[in-house]
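Try each task before you read its solution.

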Amino acid sequence: MGVKPVTSLGRSGLSDWLIQRVSAVVIAVYVLVMVGYLAVHPDLSYLQWAALHQQFWVRLLTLATVLAIAAHAWIGVWAVLTDYVTVRLMGAKATVLRIALELATIALILAYVVWAIEILWGA
Amino acid sequence: MLNVSVYRYNPDVDSAPRMQDYQVDTGGKDLMVLDVMELLKAQDPTLVFRRSCREGVCGSDGLNINGKNGLACVTPLSECVRNNRLVLRPLPGLPVIRDLVIDMGQFYAQYEKIQPWLINDTPAPAIERLQSPEEREKLDGLYECILCACCSTACPSFWWNPDKFIGPAGLLQAYRFLADSRDTAAEERLAELDDPFSVFRCHSIQNCVAVCPKELNPTRAIGHIRTLLLRSGT
C-alpha cells in the first residue's frame with residue numbers, strides 16, 4: 001500500500017470495517033425496537049408516538065442510530081466511489097469528480113445529522 | 001461437432017477484439033477443454049494460449065470457460081458445455097496480450113507485496129526449523145495454491161482496484177505466511193495490510209471460492225487475517 005487514503009472515515013481498513021459492523025448492529029436494534037413497538041400498538045395515536053419519542057432512552061437510541069447511519073453511509077459510499085469513480089476506469093477527470101461527490105455526500109450526511117438532532121432535541 | 005467460440009485479439013493487426021467460431025470433432029468423447037484447444041490450434045495455428053503441464057499443477061491455462069474461470073486442462077466438457085456450445089475467453093480484468101494470453105503483471109505485483117517468503121531473524125538451527133504436525137497442519141488449504149489467477153480475476157474488487165486490493169490469491173498466501181510457526185514477522189505483515197484496500201476491499205462474495213480449481217477457500221483465509229488484525233489492532 002502506497003499513499004494512505006485521507007478521506008476514509010477511520011483512515012484504516014480495520015477501523016472502517018469495525019465501524020461498519022457495529023453501526024449495522026445499532027441500526028438493526030433500532031429497526032427491531034421500532035417495528036416491535038408498532039407491532040404491539042396497532043392503533044397507535046399521534047400522542048402515544050410523540051410520548052414514546054419524548055423519552056430519554058428513545059431519543060438516545062434514535063441519535064445513536066442517526067450517527068450510525070451517517071458513519072455507515074459514509075464508509076459505504078466512499079467504498080463505492082473509490083471502486084468506480086477512479087482514474088483507472090474514467091480517466092483524469094475522475095479525481096475531481098470523486099472529490100466533488102465525496103464532498104456532496106459529506107454535506108448531505110451532515111445536513112441529515114443536524115436536522116435529526118434538531119428534531120430530537122430542539123424545542 | 002462441438003461449436004466453439006473463441007476470443008481473438010492480435011493488437012498488431014486487430015483494432016478491436018472479436019469472437020471467432022469454430023467447429024471441433026470431439027469424437028463423442030468427454031475431452032478436457034485444453035484437448036479441444038489443441039484441436040483448434042491444429043485447425044488454426046494463429047490461435048494463441050498458454051499451457052504447460054496439462055494436469056492442473058502449473059496453473060498456466062486459466063481461462064474464462066463458458067462464463068466461469070477455471071483451468072482448461074482439468075475442466076471436462078461435460079462440466080462446462082451447455083447446448084453443445086463452448087465459449088472461451090481470457091481471464092477477465094487483466095490486459096490481454098493476444099487471444100487468450102493475459103498480462104499477469106498486476107497479479108504478480110500483488111503477490112510480491114505480501115512478501116511470499118519466510119521471514120525469521122532468529123539464528124538458523126544446525127539442520128532445519130522444525131514444526132510439530134499440528135503447526136504444519138495449519139498450512140493445509142493454503143500452500144496448495146498454484147497462482148493460476150482464476151480467483152483474483154473472478155473478483156470484482158480486484159477488477160476495480162488491481163493496483164490496491166491484493167486479491168484472493170495474494171491474501172491466501174499472506175495468511176499462509178501469517179499462519180506459519182516458523183515466521184516471526186506477523187506484526188510487520190499485519191501492519192502492511194491495515195489500509196482500506198489491501199484486505200478490506202474483500203466483501204466476502206466468494207467468487208474466489210466458487211472458481212478455485214484446487215478447491216481452496218481464500219474467503220476463509222481473509223476472515224482469519226481480519227481476526228488477526230482485530231486481535232492486534234483493537
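**Exercise 1.** In E2(B), which residue is the bridge partner of Arg8(B)?

*Solution.* This is a predicted model. Start with the two strands: E1(B) covers residues 2–8, and E2(B) covers residues 18–24. They pair in the antiparallel sense, over seven bridges. Now find Arg8(B): its partner in E2(B) is Arg18(B).

**Exercise 2.** Why is strand E1 of chain B largely enclosed by the rest of the structure?

*Solution.* Take the cut-off for a buried residue: under 20% relative accessible area. Apply it along E1(B). Six of its seven residues are buried, so the strand is largely enclosed by the rest of the structure.

**Exercise 3.** How many bridges join E1(B) to E5(B), and do the strands run parallel or antiparallel?

*Solution.* Locate E5(B) at residues 85–89. Four bridges link E1(B) to this strand, and the two run parallel. One pair to find is Val4(B) with its bridge partner Leu86(B).

**Exercise 4.** Trace the pairing of E3(B), residues 62–65.

*Solution.* Begin with E4(B), residues 68–71. E3(B) runs antiparallel to E4(B), with four bridges between them. Gly62(B) faces Leu71(B) across this pair. Two residues lie between the strands of the hairpin, where Asn66(B) has a positive phi near 45°. Next, turn to E5(B). Two bridges join E3(B) to E5(B), again antiparallel. Here Ile65(B) is opposite Leu88(B).

**Exercise 5.** Which residues of E3(B) point the one way, and which the other way?

*Solution.* Gly62(B) and Asn64(B) point one way. Leu63(B) and Ile65(B) point the other way. All of these are buried.

Note on methods
Residues are numbered from 1 along each chain as its sequence is written. Chains are lettered from A and ligands numbered from 1 in the order in which they are written. This is a predicted model: local features need pLDDT of at least 70, side-chain atom pairs count only at pLDDT 80 or more; totals for chains, interfaces and linings use all residues. Side-chain values use heavy atoms; hydrogens and water are left out. Buried means under 20% relative accessible area, exposed over 50%, partly exposed in between (1.4 Å probe, protein chains only). Two strands pair if DSSP finds at least two bridges between them.
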